[in-house]
Amino acid sequence: MSLPGHLLPALVLLLARSPGWAWVPSRCRAPREAVCNFVCDCRGCPDEAQCGYHGASPTLGAPFACDFEQDSCGWRDISTSGYSWLRDRAGAAPEGPGPRSDHTLGTDLGWYAAAGTHRGRQAATAALRSPTLHEAAPSCELSLWYHVASGGVAELRLELTHGAETLTLWQSSGPWVPGWQELVVPTGRIQGDFRVTFSATRNATRRGAVALDDVAFWSCGLPTPQAHCPLGHHHCQNKACVEPHQLCDGEDNCGDRSDEDMPTCNHHTATDFERGLGLWNHSEGWARNRSAGGLQHPAWPHRDHSRNSAQGSFLVSVAEPSAPAILSSPEFQASAPRNCSLTFYHYLHGSEAGCLQVFLQTRSPGAPQAAVLLRRRHGELGAAWVRDRVDIQSKHPFRILLAGQTGPGGVVGLDDLILSDHCKPVPGEPAGRPPAPPRPPREEKHRPRPPLSSLQPWNFCEPGHLFCGDLCVPPEQLCDFQQQCPGGEDEQECGTTDFESPSAGGWEDASVGRLQWVRLPAQDSGSPGTDASGAAGHFLSVQRAWGQLAEQARVLTPTLGPSGPRCELHMAYYFQSHPQEISCNFERGTCGWHTGHLTDAHWHRVESRGPGYDHTTGQGHFMLLDPTEPPAQGPGAHLLTWPQTPAAAQECLSFWYHLYGPQTGTLRLAMRREGERERHLWSRSGTHGNRWHEARATLHHPQDSSAKYQLLFEGLRDGYHGTMALDDVAVRPGPCWAPKRCSFEDSACGFSTGGRGLWTRQANATGQAAWGPPADHTTETAQGHYMVVDMSPQALPRGHVASLISEEHRPLAQAACLTFWYHLSLRNPGTLRVHVEEAERRQVLSISTHGGFAWRLGSVDLQAEQAWRVVFEAVAAGVERSYIALDDLLLQDGPCPRPASCDFEASLCGWNHLPWPGLGGYSWDWSSGATPSRYLQPPVDHTLGTEAGHFALFETGVLGPGGRAAWLRSQPLPATEASCLRFWYHMGFPEHFYKGELRVLLSSARGQLAVWGAGGRLRHQWLEGQVEVASTEEFQIVFEATLGGQPALGPIALDDVEYLAGQRCQLPTPSQGDTAVATSVPAAVGGTLLLLVLLVLLGLAGRRWLQKKGGCPSWGETDAVAPSFDNILFNADHVTLPASVTNDQ
């Protein structure tokens, strides 16, 4: 029965509302106020899904983020014109005006939110709004990346709406910089519900192309209730815990203001400027103002700090350096023995010349002393109110002076000045005249200035220009690495420094959080006791700070450049740490391991969640390298130990690794020792399936040497679709057992040559190797390594033997299979014999065929109840220019499979999944339904019919337009007149107009020939395929996975591949096709059954209507039915599908 097209929309709506397709919530039901509040109240964080972000990242300290890769995270377009937002990616419109790649992945396959895909006729605004969020902590920051691709964008604006007020967090009218640009803005404390809106306004007749990606909320959650607080912390009335320095600081850190309303705070003197200047009644150059109705200045604060509102008041100044604005406190009594502390919030934005200084002016018996500088903040700190604090201890009465100045376009502001209860004003102090403006200490000059002389006019040069000799050097020529002044003053204080000068070479701390950079003398720092030169000099050190925003400490040079392509930065750095154990399961920390800091990508200790699970318990912690978090520009990331002292001459390092994804890259292990070259111990490249693997490496240390060493794991990425993980690292005295896998990439894996040294480990990178294949088997490149023996008569006379002997393997608990790849020269090299040496040596395999251009697979079934070795013997035939090579040894449980046959339960059985050149660099993978995965995959395999079974898998969602594909290649097979290839395949493409393709190719020296193909959409079932193959020469079978249309998420899986050499295929009967095991997920089954019921009901209703009308014969009256589109699906693989499957097509 064909379904009328006008009924499809109704069916879709019915299905969407049906129980089988409904979203099933978690058993944890958080109250409304606990949803979208940046706190995971339920396991797995379902209460924080679709909140403008996707739950919490498994990385500790990571934000709640949305990268738009899966969906829009709840962001909704609220535009009222055709200029609107949609989820898009560059690959879908390669000629469009938008970015050529997203920001998350850096490729044309990544997703983002975009506006301006079509040209408009009039000015319009596109607005993208978040879902309703609940409560934001004072430390909350919102970061995002935006891309403006055309000049038609008039303005970008980021707004926050709570209650009846809409705050402008940020707005810009350009000019627009090419590429993705980062924006970070603090939200401040938000009580109750709020929403965030990102809007773009375009000019008339222009596209106004704008893109938005990687929206993240940092440190936005309020503290959660705790039964007990750490020692020294304050227990809030709502049972949350806050640190002592957060008390009485003018911010609601508890979430119920109990940290600000406690009795101790009543003795503090706070001035929020809402009703005047308070105690700070001596002011010169400062103006009390507010954001609403204030000066139209680009750098003007959009809100105050006290109320986080545009209606709140603050002090602001645009004073120039020649006449700084001064704010003075009244005179205070001596505060000894307790400190008088001043907490204040300052604003420096719009100019690199902005500066705020805090001075202490004491009145000793006789006359006031000169002002002493207590704190100096300089430069651009962003459009944010930043907290700071100074502690004062004085024997004499004193005043506190705040001096502000800025450059063109800049603003300096003050708000919430809070004096502690130990700041006691002098009673009966007269109003008096304001103190004289302080003059900054001479050593605090940041930029060379004209000498203070009446003979030198101040206005000789324009503001911002440097006067030297007879020149006025403009700002753009300062610190440009080209000397303009005769004395080089324009290139001084430009970052080159040993920090001995108090000016620190122009470096300025720009931190706004709990850490800051401070210039310290070596003798006062504790460790290190000297500077980089070994003397008791100065250096910059990270110290604690009073800021409340981003944690990282930032120190900046003045604006430099432009620079040449060979510009380099040299510096000395020092880390203080304590050596710890190498052995680590990462459950309570990283032990003696730390991440490298010289790369953009970083290893992170993460908790098991979703597709990521640890090896120790399946629910614990492990180390993860994900190249998309954050997007890394460099190729790799380092995980290192602290320097270690050897415990024995030989140590065995064991660890578990996880390499998974179609673009995984390479994981390497190396050892460093002072004064020696870095030594590579182990490496693996490409995906190794969605499971943990064990690896071992023997550490060899010099005899009678106490030289310390470091271990290094290096992850080298090969794209953005793949992750690397490490867990359960252990080291013990003594050598390791022989490895189960050896690629010879980093070492000879402990193989010895019987003292004769005839076997050698080599690569053919130069192309000038005297003998051996041009490429190895592991990497299929000239840079790859293998073991080779020269079989020419000069090296090995006829009948002589060259042996290659492994280290001892541990006894086998069950039958096992040893596979290896060998390469024989075209000229007959002789015979390759394989022996197993247990109590005695026995031969298990002999190979004496002629060689060729390909690596071939050898396999041996093994059983060994005692420790054993494998011995490869090359017996020479006495032929010139001949050789035998070995590569990629693998020992795995179970018997050896037949050639080109595999059930994928233990491995890929010799099927090669290395990326083929020119196809995009993607690989097939190996997984199971029971293993959590970030990629779509079948829920069960075909072999076992359970989620514990394994299969080969490729996720086509990583492919873009252009016909790229992934190949899975068999070992070389001999020529055949007719052989049968049988296999089971699985496809699942949820979008009807997308289709994946699976093809079978025969690859030989003549090229590739397609012999079978199938396309599939929503088929939640394993289907059998078979094809008869024939070739007159040696060939390989290739399974090719690709797309038949636009990029789409969907898996293509293979299982139970069987190659029957010399046997013709038998066509399956219809009953055989009916026995295909259905593996639909429950939701799909429910939806399919509901669809069938609806079709039956519609058919019955239509039949009754037709019978009443009499316009068409009933089915029972029809003798023959004309061909039409119905539920019959014709398949090239001769498989008859059940109706429940064909209805999904």
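**Disulfides in a predicted model**

Let's start with one cysteine. C73 is buried, at a relative accessible area of 0%. Buried means under 20% relative accessible area, exposed over 50%, and partly exposed in between, with a 1.4 Å probe and protein chains only.

A word on the source. This is a predicted model, where local features need pLDDT of at least 70, side-chain atom pairs count only at pLDDT 80 or more, and totals for chains, interfaces and linings use all residues. Residues are numbered from 1 along each chain as its sequence is written, and side-chain values use heavy atoms, without hydrogens and water.

Which residue is the partner of C73? C73 forms a disulfide with C66, and the sulfur atoms are 1.9 Å apart. The rule for a disulfide is a pair of cysteine sulfur atoms within 2.5 Å. C66 is buried too, at 1%. The S-S torsion of C66 and C73 is about 85°, so this disulfide is right-handed.

Next pair. C479 and C494 form a disulfide, also with sulfur atoms 1.9 Å apart. Here the torsion is about -75°, so the disulfide is left-handed.

Third pair. C652 joins C736, S to S 2.0 Å. Strands here are DSSP runs of E, at least two residues, and helices are runs of H or I, at least four, numbered from the N terminus. Both C652 and C736 are buried.

How many disulfides does the rule give? The count is 16. The protein has five helices and 60 strands.
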